[in-house]
Amino acid sequence: MEKIEIIDSSCIPLPIEDVDTDQIIPARFLKATTKENFGDNLFRDWRYNSDDSPKEDFVLNNPTYSGVVLVAGKNFGCGSSREHAAWALEDFGIKVVVSSFFADIFKGNALNNGILPITVSDAFLDKLFRAIEKDPKARVHVSLPDQTIKILDTSDSETFDIDPYKKMCLLNGYDDIDYLLSKKDQINEFEETRTY
Amino acid sequence: MGKTLFDKVWDAHVVDTVDGGREVLYIDKHLIHEVTSPQAFQGLRDRGIKVARPERTVATADHNVPTENQHLPIREELSRIQVQKLVDNCEEFGVTLYGLGHPYQGIVHVIGPELGITQPGMTMVCGDSHTSTHGAFGTIAFGIGTSQVEQVLATQCLLLTRPKRMRIRVEGELSKGVLAKDVILYIISQLTAAGGTGYFIEYAGSVIRSLSMEGRMTVCNMSIEMGARGGMIAPDETTFEYVKGREFAPQGEDYDKAVAYWKTLYTDEDAVFDKEYVYHAEDIEPMLTYGTNPGMGIPVSGEIPQTGGQQGDASFRKALSYMGLDAGSKLEGHPVNHVFIGSCTNSRIEDLRLVAKFVNGKKVASNVSAMVVPGSQQVRKQAVQEGLDKVLRDAGFDFREAGCSACLGMNEDKVPAGQYCVSTSNRNFEGRQGPGARTILASPLMAAATAIEGKIVDVREYI
């Protein structure tokens, strides 16, 4: 897993609520047995027509917008538990997703794949969308150590919450399995002593 | 202070508490399928480790499998490779597999309960968000991502933050033609697609108590559709009776001992929930969805709202545009070309019996293509033994073999672009049943009535 510390980037705006993981990566693209190349089909049906030609008006096809920060409406990542959604975002190059609300499973999957989900207030999300509307190249500065996100054009900033353990994992590129494997003896003991 | 059902079960599985409040939770049963497991097995290989407790994981193939000619090789190459990968992985790592052709094969959330793998008081996970289904047994069951599948394979544990607790009580008596599916669609329409996020739900109240295990599974199944980690129901005589005698359930003296423990699994009277809701049976009609998430639901007598309400207006308009429906219009009377009865929500024997009883002697409308897909080989076998297959076929339904089928547009069963499908499945997301497909979620009875009439009708007028 890649480490995350400071991100300074322009943004890709997706001002839609309840973006479900079937939109992030439709089920028909879940047939791979490796984690590679899911980015090609990120937002497939919003991004391409049925003849595979790009849909001009979708944000990922608009060269005006670029960067490693995706900004989305509330309840991002709802629906299916497919981690392929996180793999697709990661493969496409997204490092941070900003929204006012994330679905639980997606949030966990993102953190397990080196993507930082930042939950901001509705007001801040609104300011960020407006800043991007005004200047598509508007940049944000994200500091994981400080737990802050700042819109550089307007100097609006907000702090965000993150579980301290998950923060440590992201800063160091660690994952949960390393930790759980270190608990082997306790797990064995639990199995031996449980009454039911 | 007393404990909730959720906390009783959770506390019995905590191996360790980590700084910052995370807990190492022991997982009793782990179900896997072909779609979300290959990368997890590869992860084990990359780390050079084995499956820690192979006897606690059970595999089946469901998402990718065709529902016709299952004895032949899968035609679609990528699906065939993925299903074969599961066979190879299970063999290499010593995991029990009920694969294609096995009499126990079926949708992972149908086979767990019917085989007695699912039992009260357990912790269960699967790389599939509808794992919440198993909560019907008083089980803490929830969907996980593939990294977590790997964690469970490697250690039989997960590192988790305890969710908040919500109780939803549904009181009263359901009127005729109103099913468990309507109850959960109603709840989601009230709470929205995000209303349960961060919570684990306990369903309670006289309506829930009166439901069969099949009905309870339908309710718990869709907990994730309001964002909840899972949903559970305290086990009672209905539960014990269902589990009794099933293949992997405790037998004889062990069963009696288990029941004695299961009887302690209820929420104490003075236990406190972070959030509570109460709904009343008399407010619940047969339900339909009109939009592109399961929270966008209305009663059959109702109209599509004029504005998004809690849903933002832009998302509301986008959904209606995708669905080709107008704000303020009724769904009743709307013509439909496809009916799908199946999925982990509504593909159990009780669902099939209900549908067969309703369509017996009737004919599917000429403008409708209708299919019934049993949730498992065992459900299918039972249906055939009872002659339900003949009733369904005589009425013009396509009666298929077991699998996830048209719930998710991953196998050969898809709804064509732009067409409407009244579906007993769990998700009406854009493209869920195939690119451009328009899904209207409903109960098995509403779906059956739609198939016969060729348009959306109020099933209460036909029973």
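**Chain A overall, and a sheet in chain B**

With 196 residues, a compact globule would have a radius of gyration near 16 Å, and chain A has 18 Å, which agrees. Keep in mind that this is a predicted model.

I'll stay with chain A for a moment. Along the principal axes, its C-alpha atoms fill a box of roughly 60 × 45 × 25 Å. The secondary structure of chain A comprises 8 helices and 7 strands.

Next, burial and surface. Of the 196 residues in chain A, 53% count as buried.

Residues 24 or more positions apart account for 64% of them.

Now over to chain B, and one sheet there. In what order do the strands of this open sheet run? There are 3 strands, in the order E1-E2-E8, and the pairing is antiparallel. The edges are strand E1, residues 14–17, and strand E8, residues 157–160, each of which pairs on one side only. From one strand to the next, the twist averages 20°.

Let me look at one pairing in that sheet. How many bridges join strand E2 of chain B to E8(B)? There are 4, with E2, residues 23–26, running antiparallel to E8(B). As for individual residues, Tyr26(B) stands opposite Cys157(B), which belongs to E8(B).

To recap: chain A, at 18 Å, agrees with the radius of gyration for a compact globule of 196 residues, and the chain B sheet is open, with 3 strands in antiparallel pairing.

Definitions and conventions
Residues are numbered from 1 along each chain as its sequence is written. Chains are lettered from A and ligands numbered from 1 in the order in which they are written. This is a predicted model: local features need pLDDT of at least 70, side-chain atom pairs count only at pLDDT 80 or more; totals for chains, interfaces and linings use all residues. Side-chain values use heavy atoms; hydrogens and water are left out. Two strands pair if DSSP finds at least two bridges between them. Helices (H or I, at least four residues) and strands (E, at least two) are DSSP runs, numbered from the N terminus. Axes are lines fitted to C-alpha atoms, for helices over the stretch in contact, and angles run from 0 to 180 degrees between N-to-C directions. The radius of gyration is taken over C-alpha atoms; the globule rule is 2.2 Å times the number of residues to the power 0.38. Buried means under 20% relative accessible area, exposed over 50%, partly exposed in between (1.4 Å probe, protein chains only). Contact means heavy atoms within 4.5 Å.
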